[in-house]
Amino acid sequence: MLRDAALIFRGELILTRRSWAPMALSIAQPLTWLLLFTPLMVGLMKETPDSPTGGAWMVMTPALTIYLVLMNSAFTGYKLLGDLSNGVLERMRVTPASRTALLLGYAMMTVVQTVIQSMMVFLLAWALFHLPITFAGTVLTLGVGALLTFTLTACSITLALVAKSEPIFTAIISTGLLPLTLLSGILMPITPGLAPQWLYILSRCNPLTWIADLTRATFTGNYAFEPVVIGGGILLAITVMSLWWGTRTFNREIL
Amino acid sequence: MITTHGLARSFHVDGRRIDAVKGVDIDVSAGMGVTLLGPNGAGKTTSFRMLTTLLRPTAGAATVAGRDLLTDPTGVRRRIGYVAQGGGTCGEHTVREELETQGQLYGLSRAKARLRSGEVAEQLELNGLENRLVKTLSGGQRRRLDVALGLVHSPLVVFLDEPTAGLDPQSRAALWKRVHMLRAELGTTVFVTTHYLEEADDFSDQVLIIDHGKIIAEGTPEALKAKVAGHRVEVTVPIEMVQTTAAIAARHPQSTRPSIIGNTVRFQVPMGDAMIPHMIRALDYANIPTLSIQVVQPTLDDIFLLLTGRSIRENPST
Ligand SMILES: Nc1ncnc2c1ncn2[C@@H]1O[C@H](COP(=O)(O)OP(=O)(O)OP(=O)(O)O)[C@@H](O)[C@H]1O
Ligand SMILES: [Mg+2]
């Protein structure tokens, strides 16, 4: 299974190498966030009552990872819609490659891209703003980011296969992405002191909020029960669910 | 090698049900060359997509290459090759990359996949194009690549959905030669659909004629053509005399099923050669300046005409 996934990933890698400009730009994009947006937030959070502990930079930097994860994975489905219409996906589905391998292979590129981008952010934050980053914290946070990217990419791919049409897929993604992003508190932490109660409760219903807390915890090395165990549990649960949903969809017929 | 019982599939489009395939029974032995022949929309592609595990049948059962289609789809996939009607290649990859990855996805080692890619590229006259991006290939070259991808892993059974569509006569000949070699050397079972009646006639051990989702006739090309007893006679005359000519033809006691296409009168007789002198005398007597008169051996299209009253040729492929 891993071999099949690696074969598909190799194909994707060749495509990326052949047209590397979009990839280069997408890797540069998080730096814009870090340089132009984070300083603003740092200033703002000093004034804000009961903001998350650990210093503003340590809060914002891991949150950027989640932001990258969301942006990268949401649109991976487009690639699948292309392969669906030119018949490549059908050819893959006639091969004995396991359906999970197809899903893994298609999702892997996005995972790699996100990990590279996040690493750039961490390195830059460390080099320019002297963030007290630990090796374990970085690795753990990247791990969480990678797993989440895989999960959300699998969802995007599966959604594309279910929607089967570009306009429908675009509509679903663009409608869903913004509330999911805002409610996760990655750009602007949603705390009881800052947000009205209903908004706070809503944000706690968003699994991404818990995972954002998890990255902050791993990044700062502050391994408290709530973010680590509950956040980690939620992450594993949605990973398993997306894997199941994706494999099932690949297994079903796709007209 | 392929057995089906009541294989059926319907689709729902805008609340309407389309019965694309309505209970097909097929029995293909190992090593045979079989053609599924039928007009557009007859259900050929739908049948193939069911047999290659892409579509779930709404009813019926099938075994392909000794594996049950419904309970062991992976087993089926391992043993077959499928070339879809519309192909399935990625324009940004090179020919070599596509072939090698395909081989490896079927479990060949890297070295073996490389070797086989070279072989099929050679056989389908793609040599010299290995390093080209697929998007730079011509339509016919691309079609040959599709076929090569279906053969790279030396499957037991290969399904070719209109493999020669868009190929020039040389490439068509080369492709059929390759398919014949496959059957001779490896005993591969080959199941094809085609619109070209002559190809079906030349290539097949068995022809299945499908119309409106049902197999309406099957047998060797010879046996099928023998069903159309006798020959077809075609008389071409000046257009204004075509009705008179038809009347003369109809008067002959042994002629059946007369029809008029343009300025040609066609009819069916048991012995074409013996009919010609009579016909010429009758036309002379009526003062009709005959332009041509010929006896045509029955083709597979005549079978279709006999069975359905329609011609496959009348619906050129879309
Ligand atoms: N995915 C689908 N959804 C709805 N209807 C379909 C679908 N696929 C095929 N059909 C219908 O099923 C019927 C049979 O189609 P099929 O593609 O099997 O024909 P075919 O014999 O391969 O024709 P052609 O010679 O044009 O390739 C047609 O009426 C077609 O419109
Ligand atoms: Mg077809």
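Is B:Ala65 buried or exposed? In this predicted model, B:Ala65 is buried, with a relative accessible area of 9%. The residue sits in the loop between β4 (59-64) and β5 (67-68) of chain B.

A:Lys164 has a positive phi of about 60° and is not a glycine. Its place is the loop between α7 and α8 (166-183) of chain A. While B:Ala65 is buried, A:Lys164 is partly exposed, with a relative accessible area of 43%.

Helix α7 (residues 135-163) of chain A and helix α6 (residues 99-129) of chain A have axes that come within 8 Å and cross at roughly 140°. The crossing of these two helices is right-handed. On the α6(A) side, the residues in contact include A:Leu103, A:Tyr106, A:Val111, A:Met119 and A:Phe122. On the α7(A) side, A:Leu142, A:Ala146, A:Phe150 and A:Ile157 are among them. Sorted by class, this contact has 13 nonpolar and eight polar residues, and no charged ones.

Chain B can be described as a whole. Its secondary structure comes to 11 helices and 14 strands, and its C-alpha trace spans about 75 × 45 × 40 Å along the principal axes. Of the 318 residues in chain B, 54% are buried. Among contacts between residues at least 6 apart in the sequence of chain B, 68% join residues at least 24 apart. The mean pLDDT of this chain is 88, and 98% of its residues reach 70 or more. For the model, the scores are ipTM 0.83 and pTM 0.84.

A:Cys155 is partly exposed, with a relative accessible area of 25%, whereas B:Cys90 is buried, at 10%.

Definitions and conventions: Residues are numbered from 1 along each chain as its sequence is written. Chains are lettered from A and ligands numbered from 1 in the order in which they are written. This is a predicted model: local features need pLDDT of at least 70, side-chain atom pairs count only at pLDDT 80 or more; totals for chains, interfaces and linings use all residues. Side-chain values use heavy atoms; hydrogens and water are left out. pLDDT is the predictor's confidence in each residue, from 0 to 100. Buried means under 20% relative accessible area, exposed over 50%, partly exposed in between (1.4 Å probe, protein chains only). Axes are lines fitted to C-alpha atoms, for helices over the stretch in contact, and angles run from 0 to 180 degrees between N-to-C directions. Helices (H or I, at least four residues) and strands (E, at least two) are DSSP runs, numbered from the N terminus. A crossing is left-handed if the near helix is turned anticlockwise from the far one by less than a right angle, and right-handed if clockwise. Contact means heavy atoms within 4.5 Å. Ala, Val, Leu, Ile, Met, Phe, Trp, Tyr, Cys and Pro count as nonpolar, Asp, Glu, Lys and Arg as charged, and the others, Gly among them, as polar.
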